[in-house]
Amino acid sequence: MKLPVNPSCGNELSADLPSRRTFKYWGFISYAREDEASAEWLHRSLERYRIPRRLVGRDGPEGRVPPRLFPIYRDKEEIPASSDLGSVIKNALRDSHSLFVVCSPMAVASKWVNEEIRTFKQFGRESRIFGLIASGEPNSSSGVEGEKECFPIAIRFGVGLDGQVDQTKPVEPIAADIRKGRDSRANAKLRLIAGVIGVSFDELKQRDRRRRRLLFSAWSLASAALLICFIGVWSWQQLRITEQRKQAESERLAGQAELSGNENPTELERSALLAIESMRLEHSIGNDLVLRAAINLMPRTVSTVRFKAPVPTLTFSPDGSHLAAGSQDKTARVFETMGGKEVSRLEFQGPVNAVAFSPDGRYVAAGSGLPGLGFRIQPAATVFEAVGGKEVSRLKVQDAIESLAFSPDGLHLAASESKSVLVFEVLGGKEVSQVEFQGQVTSVAFSPDGRYVAAGSQDNTARVLEAVGGKEVSRLTLQSPVVGVAFSPDGRYVAAGSWDKTARVFEAMGGREVSQLEFKGPVDSVAFSPDGRYVAAVSWDKTARVFEVVGGKEVSRLEFQDRVNVAVFSPNGRYVAAGGYDNTARVFEAVGGKEVSLLKFQGPVAAVAFSPDGRYVGAGVGGARFTPGGAAVVFEAVGGEEVRRLRFQHVVSATFSPNRRYLAVGSWDTADFGAIGNAAVEVLETVEGKLVSRLECQGLVTSEAFSPDGRYVAAGIEEPSFGAGAAAMVFEAVGGKEVSRLKFQDSQVVTSVDFSPDGRFVAAGGGNPPLGTGAAIVFEAAQGKEQWKRKFRYLVQSVAFSPDGRFLAIAGGNPLSRAGTADVFEAAGKKEVSRLQLKDVVSSVAFSPDGRYVAIGSYDKTARVFETVGGREVSQLESQGPVVAVAFSPDGHYVAAGSRDNTVRVFEAVSGKEVSRLEFEGAVGSMVFSPDRRYLATAAIPTEGGLMVRLDLLRRQDLTDEACSRLTRNLTPEEWNHFLPGERYRKTCPNLP
C-alpha cells in the first residue's frame, strides 16, 4: 500500500527526523499479536531478499537503491499496559524508513497498531506506509460485514496537525494481498519491495526472473561452492537469531526480576536469582541495576545459631562480642557474635522469655515460665556468668518472667512477674522492692540514672516507680493494655505502646502526656533514639514508624506484609531495625524511612537488637509459642557496600589518594546570616574515618589532589571576599603542614589542581566566573615558584597531567554562553595539540593510563572520550544530568562518569557502551578504580549533607558471586519451570541448597 503525502503531517515531530541516508532501519513492522506468523514471514522475507544487481545503486525517489532492505525492526515483546507507546517504540518508528502494516480484523482492534500508524504519519512519511492484507475484508467497515474490516482507522484516514485521526479526510489504501486466491506470497513480497525502493512491480519481477535464471545456471555450474556459502550464511543467521533470542530472554528475566522485587519486597531473593540468570544470558544495564538493588538490600549473615523452638528474646553484650538469646526450647545461650560459637548455656523448666546483659558484660539474666502455670512449670529468674554459664544468683519468683532489665550500675535487676514488678540485688538475689498491679506486667525498663523503673501493664497503665522501695511517682492511664515501655536517654520522658492503637510519650515525673501517634492496630514495642529526639513504634497494622518526641510528628514509616513485633534504634540513631510476622527483619533510615537492609527467615521475627558499634543486627526467629524450630541470626546492618559516612555541615569537594587509603575533603560551616564560617581541607582515613590532618583556609576549598606517592595534597581556594585573590596551596597529607602557596592574581577562584606524575609540579586552573575568563598555572610543588601561565577566554574548570607528564589537559567554559572547551597542550612547550568544542561547560577531564585518550564530563549531560593528539572523538555516553567527574580504569578500557543525576555510569572507552550504572543518594564528588578493576570507590555528597564513601563491585562474575554469598536459597523447581520454561533445572548458586 502506498498513500499520498499529507502535508498537514509535517509538524514539529518531523523536525528532528534523520535524513534518508541515516535511517537506522529500512522498515518497521506493525502487527497484532494474533498475526505474528504473518509478521514473522514478512520480516524474514524482506530482510533476506537481495535486490537484483542491475537495480542496485540506481537513483530513485528515495535515493540510491540498496542491495538489501536490512535491518527491519519488529517488536517481539508485548507492549506494556500504559497510555503511550514508550520511548523505545517511538525511537524505532522515528529511525525507520518505511512502515509495514499487517492488516487484519485483529490489527483493526489493536490499539497499538493504530497508534504506531498514527505516530508514523506524524513524522511526515505517510507515503512510506505499506500494507499486507493477511485476513478480513478491506474497506468493509461501513457495511454489514464491518467486523471483517482489515484496514486500521489510522490507515483509512489522514492525521491532522494535532496528531489525531481526521475522519473527514478519507484515504484510499492499496496493499499487497496474501489471502487465499489473491497474490502469491512471492508476488506480495515483490510488490512491497518495489514500493520501498521506488521501482515498478513489473520491472522488479522481470529482473527478478532474469536474476533467478542466472542464479540457477550459476548454481548448476558451482553447486558445491554455493552450498558452502549457503551453509555459512545460514550459520551466521542462526547465530544472529540465537543471539537475539538470548537478548530477548535476558530482558524478559530482568523484567521479571525487577517486578518480583518491586511488587513484594519479601521476594528479594527470587529477584536476585532471576537477575543472575538474566545476566548469564547477557549482561545488560537492566539486570545489572536489578542485581545491584538486591545486593544493596540483602545483608551478609555473619552467624546463625539453631534452636529447637522460637527465639523471642536476644541482646548483645556491651562490647558486641557476644549475643545472649532465650528460646522456647527452655534454654538461654550465649554465643560469639562472629561465627556463632556457643560459650555458655543454661537450661530451664519452661520457655525463656527474657534475657539481659549486665552493663559490664560479665553476667546474663534470664527469665522463664508460662503465665498462670507456675504451679506446674517452675518459673525462674537467674543470673549467670556470660562465659561459662556458672549460676551467680537465683531470684525467688512465683510466676513467669516476661521482661528483665539491669540497672545502669549493674547492682539491681528489675523483673515483671505476673501482676508484679520486682527489683532484686544482682548478687545474692535479695528483693529490694515489689509493686502490685491490677493486670499482668508486660515490660520493665530502668531510668538512665538507675533510680526509677518504668512498667507497662495489662491493667491499662504505664507507671514510673522508685527502684528501691517501689514508691509510685507517675502514672499514665490508657484505654487498653500497655505492652511496651522505654525511658528517654536523659530520663525525662517515658514512651508507652498500647493496644489502644497509640504510642505515647509522657513525663517521667508527673505523668503529663507530651505526644501521641495513632496507629490502625495495637502497638507492641517502643524505643527512643539515642539523642532522645525520636521514638520508634511498631504495630499490628503492618507498619514500623518513627515520630518526634515533642509534638508527635511522624518522620518515617516502613510497610511490612504482616504484623510488626519489635523495633530498635542503631547506636548512632541513623537507622531503625524492625522484625515482623512476615518473616523478615528490616533496617531503615530513621528519618525518611528508606529501607537499607532486608533479611527473610523461615518464621516470624520476634526480637531484634543492634550491636554497640551499629555494624550488626541480631534477630530472634520464631514468634509464636510452641512453634517448632527457631534461630538467632546475626547479619550486617546495612546491605550495601557503604564504607564510611562522614559528618560535615557542608561538603564542596572530595578526592581519593592513589591507594584509596585517604580522602581529602573540602568543607565549611555556616556562620552568622548564612555566611561561610570555618572553611578547611581535611584528610581522613577512608575506612576508619580517622582525621589525619586539617588545614583551615581563609576561603572556600573547591578542589583537592594527592601527589602520586600520597605524601602531599594540593588544594584550590576561592577568595573569601572580593579582591582578596584566590590561591593554590600544597601541604603534607599527614600532619597538615603547609609546604607552598601560589596566589592567583586577578582571579576569584581556583577550581582544579593536579600533580605532575613525578610530583614536582602542580597545575592549577581557575578564573573569574562573572567575567567568563580564566587561567592555568604550573608551579613547583615545593617552593610555589611559577613555571608557566596561560590565559583563556573561558573559566578553567579542570586540569590534568597525562601519565607520562608530556601533556596537560585544560577544560572549562563560559556558563553565560553555555559553550565548553577541552584543550590539550604540551606540558613543556605549551603547544596546543588538540581542541574539542562542546555546547556547554566542560567540568572534568582525565587521561587514560597510556595517555592516548582524554575523557571529559560536561554540563551538556555527556561524557566523551577523544584522542589526545588530534582531538578526534571516539565515544560518547549520555546521562540525565550534568557530568561532573570522570575517571579511567587502570587498564584504560573503561571510563566512570559521575553525574548530578546521582549516578555513576561505567562505559567502554572506545565503543561508548554502558556496562554498569551505580545509584547514589546525592551528587558524586570523586571516583577511583581499584588496581584490579574489581571495585569502584566513590565519594558522594548525600542530600542531607556530609560525605558518603562507597565501594561497588564492577565485574559481572564478582556481582553474581557476591549475591550468592548473601542468598540463602536457589530457585525452587516450581519457580524455575514458571520463569524459565523449557530449560533444564540447575542451581543458580552452586553453594546453596
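Student: Which residues in H4 are buried?

Tutor: Bear in mind that this is a predicted model. In H4, the buried ones are Trp112, Val113, Asn114, Glu115, Glu116, Ile117, Arg118, Thr119, Phe120, Lys121 and Gln122. Buried means under 20% relative accessible area.

Student: What makes H4 largely enclosed?

Tutor: Of its 12 residues, 11 are buried, so the rest of the structure largely encloses H4.

Student: How do you know that the span of helix H4 agrees with its 12 residues?

Tutor: At 1.5 Å a residue, residues 111-122 should span 16 Å, and the end C-alpha atoms are 17 Å apart, which agrees. Just after H4, Gly124 has a positive phi of about 80°.

Student: Which residues have the most contacts inside the largest nonpolar core?

Tutor: Leu42 and Phe100, in a core of 30 residues. H6 gives the largest share, seven residues. Leaving aside neighbours within four places in sequence, Phe100 is in contact with residues including Leu42, Leu46, Phe130, Leu192 and Val196; contact here means heavy atoms within 4.5 Å.

Student: Why are strand S63 and strand S66 said to stand at the edges?

Tutor: The open sheet has four strands in the order S63-S64-S65-S66, with antiparallel pairing. S63 (883-888) and S66 (914-919) each have a single partner strand, so one side of each is left without a neighbour in the sheet.

Student: What makes S65 and S66 a pair?

Tutor: Pairing takes at least two bridges, and five join S65 (residues 903-908) to S66. Arg905 stands opposite Arg917 in S66.

Terms used: Residues are numbered from 1 along each chain as its sequence is written. This is a predicted model: local features need pLDDT of at least 70, side-chain atom pairs count only at pLDDT 80 or more; totals for chains, interfaces and linings use all residues. Side-chain values use heavy atoms; hydrogens and water are left out. Helices (H or I, at least four residues) and strands (E, at least two) are DSSP runs, numbered from the N terminus. The expected span of a helix is 1.5 Å times one less than its number of residues. Buried means under 20% relative accessible area, exposed over 50%, partly exposed in between (1.4 Å probe, protein chains only). A nonpolar core is a set of buried Ala, Val, Leu, Ile, Met, Phe, Trp, Tyr and Cys residues joined through side-chain atoms within 4.5 Å.
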